[in-house]
Amino acid sequence: MHRDAQVALFVTKKKQMVVELLDRLCKQIEITEAQYQSAKARYEAVGSWLSESKSPYLDRVQIYPQGSVALGTTIKPIARNEFDVDLVCHLPTLPHTSDPRAVKALIGSRLKEHTTYDGMLEEKQRCWRINYANLFHLDITPSIGNPRCHQGGELVPDRALQQWKPTNSKGYIGKFDQYAQIRPRFYQAETSFVVARADVTPLPEPTMSKPFLKRIVQVLKRHRDQLFVGSLRADLAPISVIITTLAGWAYKECATQQVHANAFDFITAVIRKMPTFIHIEMRSGRQHFTVENETTSGENFADKWNKDTRLAMAFFEWHKDALTSVESLLEIEGKDQFAKNLANKFGASKEHVREILADITNPIGQARSYGLLAVAPVIGLITSPAYGAVTVRNNTFFGR
Amino acid sequence: MAKTLSPEQQWLRLKSSQICHGHGQVRRGELIWEFDARPSPLCRSYHLRIRFKNYGLPEVTVLSPDLNDLAPGRYLPHVYSTKPVRLCLYFPSHNEWTLDKSIAETIVPWVYMWLAYFENWLATDEWLGGGKHPGEEDAEK
């Protein structure tokens, strides 16, 4: 094989394996299906309890997930065991003239009537939290209809419980899912030269076990947590909705406007593009930042940046580090060095690392026991035979 | 009984193999072959040397990087010696390697596998490659 072709094949294969590493990391740190089902059963029970109330205000109450659980972008917190399960408690019969404080109290008093919930209940600024120790907590935020939103949005209390502010959790989820379903386009050229050559194993289509967009958001949020959690600047960490929104827009643009050589290049292009979607204008001599919720009007996710510019600076600093952390994975050599990097930059625990590497190493043992293991030029061990590859014969590693 | 392969015949097979690019020669009946092996694109590239004398057993040494430096304070798994690092790739009395077998098609692929398991061990302290330790000769693979 020509030297250039060898280098190209090696780099392509390495990029693919790095993407698989990130995919495996996400699998380790996301909520499992069993955990999700258990949380769902619990919030549905909360919903039933609320709707069984005799209070006319709780008539036709609905409870549904918002945030990462609904988006499919969950990550385990680094410092504690419980997942956040963010829920909306929608009260469709209440007028927008209702007092936010009273609406929140209404839900709280109904929850307190339940002997079990009463003991697990914690009041937060805008929501009620039901704690399931070591599992998850349900954060229940009240919402009412927003007659001025044409996209079916809602109103939720502001942090001071003084006013209602627009949001649209269902609309946001729908939009994000719509972006996530766009399939990025990859050059055929790079894969075809591989397939055309018989002495090389063809590479499968680049893929992750979940839509790329969701995995990108999980990787970025995990990197954010690793950078900020437990640090002196923990309160400056970019909020998930900003990361998710910018990733969604960048993803849409990269997937529809460009063709990429491979999944790794696509993922880094998306991350690189994110800040360009922050709207910045000068207002009375100062930068004013907007990351708009496109599914309603009047919600700026970056609102706080305009009161505290440290937040904006922290975002840009985090973004730079996140991009470098992902890009530089390509320069790493050695599974142990990958392990170290996943731990330092993406908060992988020892157990995560063990699982991720076992996932890569175990197929070698399986292929070996079936006599399928082979060594291919340039890319090394492969788990199915290919033309030009040398089959690994039976052996027993000896020695101490 | 299959015909045994001389050091010269082994040399020819190593030279034409696509998975152990390197250089070497046979001098006074002894084959020396140096080559690079990278078990997977995520792994390092290792520089190794194979020595083989007629009717002897092939000896595989990792020349660089020094595996001891990669694992400071730890005893390397499945090696005959640590200075130099000589790999234990097969169980001598199992006929896994015999004089009629091509080093390029047995020993070399085992080197790749050994290195892949080694890097996993480096990261997790677990050797997933199985094998035997001296004294447990009857144990299962």
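Colleague: At what angle do helix H10 and helix H11 of chain A pack?
Modeller: This is a predicted model. In it, H10 (residues 263-273) and H11 (residues 309-327) of chain A pack at an angle of about 170°, and their axes are 10 Å apart. That angle makes H10(A) roughly antiparallel to H11(A).

Colleague: Which residues meet there?
Modeller: H10(A) brings A:Ile267, A:Thr268, A:Ile271 and A:Arg272. From H11(A) come A:Ala322, A:Leu323, A:Val326 and A:Glu327. By class, the contact of H10(A) with H11(A) has five nonpolar, one polar and two charged residues.

Colleague: On to strand S6 of chain A. Buried or exposed?
Modeller: S6(A), residues 154-157, is covered on both faces. A:Glu154 and A:Val156 are buried on one side, and A:Leu155 and A:Pro157 are buried on the other.

Colleague: How many bridges join S5 to S6(A)?
Modeller: Two, with S5 (residues 136-145) of chain A and S6(A) running antiparallel. A:Gly145 stands opposite A:Glu154 in that pairing.

Colleague: And how many join S6(A) to S7?
Modeller: Four, again antiparallel, with S7 of chain A covering residues 164-167. Here A:Glu154 stands opposite A:Thr167.

Colleague: What do S6(A) and S7(A) form?
Modeller: A hairpin, with six residues between the strands. In the turn, A:Leu161 has a positive phi of about 60°.

Colleague: Different topic. Where is A:Thr295?
Modeller: A:Thr295 is in the loop between strand S11 (286-290) and H11 of chain A.

Colleague: Why does A:Thr295 count as buried?
Modeller: Because A:Thr295 has 21 C-beta neighbours inside 10 Å, and the cut-off for buried is 20 or more.

Colleague: What is A:Thr295 in contact with?
Modeller: Leaving aside neighbours within four places in sequence, A:Thr295 is in contact with A:Gln151, A:Gly153, A:Asn168, A:Gly171, A:Tyr172 and A:Lys175.

Colleague: How far apart are A:Thr295 and A:Cys149?
Modeller: They are 146 residues apart in sequence, and 8.9 Å apart in space, C-alpha to C-alpha.

Colleague: Now the largest nonpolar core. Which residues touch the most other members?
Modeller: That core has 137 residues, and those touching the most other members are A:Ile216, A:Ala247, A:Ile267, B:Leu89, B:Val111 and B:Trp114.

How values were computed
Residues are numbered from 1 along each chain as its sequence is written. Chains are lettered from A and ligands numbered from 1 in the order in which they are written. This is a predicted model: local features need pLDDT of at least 70, side-chain atom pairs count only at pLDDT 80 or more; totals for chains, interfaces and linings use all residues. Axes are lines fitted to C-alpha atoms, for helices over the stretch in contact, and angles run from 0 to 180 degrees between N-to-C directions. Angles under 35 degrees count as roughly parallel, over 145 as roughly antiparallel, 65 to 115 as roughly perpendicular and the rest as oblique. Two residues are in contact if their C-beta atoms, placed from the backbone, lie within 7 Å. Ala, Val, Leu, Ile, Met, Phe, Trp, Tyr, Cys and Pro count as nonpolar, Asp, Glu, Lys and Arg as charged, and the others, Gly among them, as polar. A residue is buried if 20 or more other C-beta atoms lie within 10 Å of its own, exposed if 12 or fewer, and partly exposed in between; C-beta atoms are placed from the backbone. Two strands pair if DSSP finds at least two bridges between them. A nonpolar core is a set of buried Ala, Val, Leu, Ile, Met, Phe, Trp, Tyr and Cys residues joined through C-beta atoms within 7 Å.
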